[in-house]
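Colleague: I am new to this model. Could you take me through one part of it closely, the surface around the RNA?

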Amino acid sequence: MDETNALIAQRRAKLDALRQKGIDPFRNKFTPDRDCGEARAQFEAGLLAEGAPVALAGRITAHRDMGKSQFLDLKDQSGRIQIYAQKQTLGDEGYEIFKHLDLADFIGVTGTLFRTRSGEPTVKVERFTILAKALRPPPAKWHGLEDTEIRYRQRYLDLMSNDEVKRVFLQRSAIIKEIRAFLDARGYVEVETPMMQAIPGGAAARPFKTHHNALGCDFYLRIALELPLKRLLVGGLDKVFEIGRNFRNEGLSRKHNPEFTMLEAYQAFGDYESMMELVESLICHVAEKVLGTLIIEHKQDQPVAAAITAALRELDELSFSTMGNLMKAVGGDAAAAFVADIGKAREALVAAERTLGQAPAEEVAKRAIEALLVAIGAVGLHQAAASRGDRNLADHFTAAAARFDASVRALERHTAPKVINLTRPWRRVKYKDLVRERAGADWFDLSPAERRRRAVELGAEIADAYEDFEVTQAVFEKLIEPTLINPTFVTHCLKELIPLAKLSPEDPSTVEVFECCINGQEISPGYTEQNDPIEQRERLEHQAGGEQQKLDEDFLVALEHGMPPAGGIGIGIDRLCMMLLGQDSIRDVILFPQLKPR
RNA sequence: GGGUUGGUAGCUCAGUGGUAGAGCAGCGGCCUUUUAAGCCGUUGGUCGUGGGUUCGAGUCCCACCCGACCCA
C-alpha cells in the first residue's frame with residue numbers, strides 16, 4: 001500500500017494530463033451492447049458478420065504496441081476480446097491518448113468486427129472512452145498472482161488475474177442457486193432467522209459475543225440455525241430452509257473458517273430416511289446442473305508438490321548435517337557412499353517433481369516414494385556402522401528415517417487418482433457396523449479400558465478425560481471418516497453425540513441420524529428430530545453440563561406446544577463447494593476468508 | 001498452542017558475510033494484422049519490523065509482525 005511508488009506516481013501524472021485535456025477519466029456511464037466474450041462467440045458462430053458494429057466495455061489486460069497501430073486485450077466477466085486501434089482512424093491526438101492508456105484501465109469502445117491474419121476475432125476501434133483509470137498497476141500478466149496473503153487479503157486482485165479462481169467463485173454461486181431451485185421445486189420455504197441470539201444453541205461450539213447498547217444486553221452470534229427453524233415447524237411451516245452464516249469462535253484451519261455457510265432444512269412428517277433421500281437428490285441435482293457430471297476428479301498436484309518439497313528439504317538437511325560426523329565415524333569412503341546414495345535419491349525426487357503437470361500427480365507420487373525408499377535404505381545401511389562411532393549421529397539417523405517415513409506416508413495418500421463418484425444409490429452403513437469393520441468385530445464387546453487400549457494401538461489419540469463414547473468417536477473421526485471419499489451415509493450414531501435426535505427403537509443406545517461423509521469430510525448431518533419436550537429437556541440438560549451452557553427455555557416451551565415429527569438436515573456449503581470444485585482449502589471457496597488484521 | 005516453512009522491485013523469483021540481480025510490468029525510441037509480439041535503450045529497492053554480532057549483514061544470532069503447510 002505504498003503511496004510513494006513510482007508506478008503509482010506515473011499513473012497519477014497521466015490522470016492529471018487527461019484532466020488537463022478536459023477528459024474525465026472516471027465516467028458515470030457507458031452502455032455496451034454486449035459482453036466481450038459474447039461478441040467473440042457470436043462472431044465465431046457467424047451470428048455477427050465481418051464489419052458488424054459493436055460497443056464493448058472492459059478492462060485492458062494486455063497490449064501489443066506496433067507503432068502506428070496497436071492491439072489490446074479487453075476483458076470483462078464474460079471473457080476477453082482483442083481490439084485494434086490505428087493512428088489513421090483515431091487521429092493524431094486521439095491515438096496519442098490511446099497509446100498512453102495503462103494496463104488495468106477500463107475503457108469503452110465502438111467499432112467493427114474483423115478477423116486478423118492469424119484468425120483472431122478483433123474489434124477495429126473507431127471511438128473509445130476512458131471509463132475508469134487504474135491508479136495502481138495490476139499483478140503479473142501471465143504468472144497470475146501467487147502470493148497467498150495478497151490473494152486472500154485483496155481478493156479482487158486474485159479474481160482479476162487468476163481466471164481459475166474466478167471460475168471457482170462463479171461456480172459456488174451457481175451451486176447455491178441450484179440448491180435454492182431444488183428446494184423450491186420440492187415446496188420448501190426459504191426463511192431468515194436471527195443471527196444475534198440471547199442464547200446460542202443447536203450445536204456445541206464456542207460463540208462470539210457482542211453487546212446491544214440500546215437494549216443493554218449481550219448477544220451471541222448464532223452457531224447453528226436449528227432452534228429457530230424448529231420453532232417454525234411448531235408454527236406450522238412444514239417445509240422450511242435457511243442458507244446462512246454461522247459463527248464459531250474456534251480455530252482456523254484448512255477446513256474451518258470462523259464464519260461459514262450452512263444450509264439447514266426441516267420437513268414435517270419426514271424422518272432421517274426421507275432426509276437421506278433429500279440429501280442424495282439435492283447433491284446429485286447440483287452436481288449435474290453445475291458440473292454436468294456425477295464423477296468428480298480432484299487434482300492432486302499441489303499436495304504432491306508440497307510433499308516432495310518437504311522431502312527434498314529433509315534429504316538436504318540430512319546430508320549437510322551428518323557429513324562431517326559421518327566421516328569421523330565410518331571413514332571417508334563409507335561416508336562418500338552414503339552421500340552418493342542420498343544424492344541419487346535426491347536426483348530421482350527432483351526428476352519426479354519436474355514431471356508434475358505433465359504426468360498424473362499419482363504417478364509422480366509413486367516415483368517420489370521410490371526415491372525416498374532409496375534414501376531410507378541408505379540410512380538403514382549406514383546407521384548401524386555410524387552408531388558405533390557416534391551416539392548423536394545414530395539418533396540423528398533414527399530421526400531422519402522417521403521423517404522420511406512420514407514423507408512416504410504423506411505421498412501414499414496421493415498414489416491413487418482421487419475420484420469421487422456421486423452415482424446413486426449412496427452407501428448406507430450403521431455407525432457401529434462401520435466401526436466394527438475398521439476397528440474389530442468385537443469392538444463393542446470390549447471393556448471400556450480395552451477399547452481405549454485398542455484405539456491407541458490403531459493410532460487414534462485418546463485424551464485421558466475422554467468418556468467411552470468419545471474413544472469410539474475419536475476412532476471414527478481419525479481413522480474412518482478420512483477414508484470415506486465416495487458418499488456414505490453413516491447412520492445410527494451413538495446417542496451421546498447428538499442430543500437433538502430421536503432414539504432408534506431397534507437400538508436405543510443409538511439415535512435415528514446420519515452423517516453423510518464425502519471427500520473424507522462430514523458434509524451433511526440429518527436426524528429424525530426430537531419432538532418430545534420432556535425427553536429433549538433431559539438430553540439438553542445432560543449435554544449442557546450444568547452451569548456452563550444455558551438452556552433455551554423458549555425453545556422447550558415451543559416443543560411443549562407440539563412439534564410435528566420431522567426430519568432435518570444441515571449441509572456445510574463451504575465443504576460441499578470444496579468437494580464439488582476440487583479445492584483443498586476452505587479459504588479457496590470463501591471470497592474473503594478470515595485473516596488476522598495487518 | 002506446537003513443528004516445518006516463507007516474507008528481496010508493481011508481479012514472479014534468483015541471490016550461502018564483501019558494490020542488491022533477472023524476466024515481465026513501467027518509461028523513451030523503432031515498427032500499421034500482433035497475441036507470453038519483436039528489437040534498442042532505461043528507471044525502479046526501508047531486502048517484513050526492531051535489536052544484536054561483525055571492519056562489513058538480504059545472508060549469522062535474538063525478539064516481534066504477517067502468511068502457508070502439518071499436528072493439537
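Colleague: Which residue has a backbone N or O atom 2.3 Å from a phosphate oxygen of RNA strand B?

Modeller: That residue is K596. First, some ground rules. This is a predicted model, where local features need pLDDT of at least 70 and side-chain atom pairs count only at pLDDT 80 or more, while totals for chains, interfaces and linings use all residues. Residues are numbered from 1 along each chain as its sequence is written, chains are lettered from A and ligands numbered from 1 in the order in which they are written, and side-chain values use heavy atoms, with hydrogens and water left out.

A residue is near the strand if one of its heavy atoms lies within 4 Å of it. There are 46 residues around RNA strand B, and Q10, K14, S118, W142 and E149 come nearest. By class, the surface has 14 nonpolar, 14 polar and 18 charged residues. Here Ala, Val, Leu, Ile, Met, Phe, Trp, Tyr, Cys and Pro are nonpolar, Asp, Glu, Lys and Arg are charged, and the others, Gly among them, are polar.

Look at other contacts. A polar contact is a pair of N or O atoms within 3.5 Å; within protein, one must be able to donate a hydrogen and the other to accept it, and residues adjacent in sequence count only if both atoms are side-chain atoms. R598 puts a side-chain N or O atom 3.4 Å from a sugar or linking oxygen.

The largest share, five residues, comes from α4. Helices (H or I, at least four residues) and strands (E, at least two) are DSSP runs, numbered from the N terminus.

D163 sits in helix α6, so the pair links distant parts of the chain, 88 residues apart. K75 is buried at 18% relative accessibility, while D163 is partly exposed at 45%. Buried means under 20% relative accessible area, exposed over 50%, partly exposed in between (1.4 Å probe, protein chains only).
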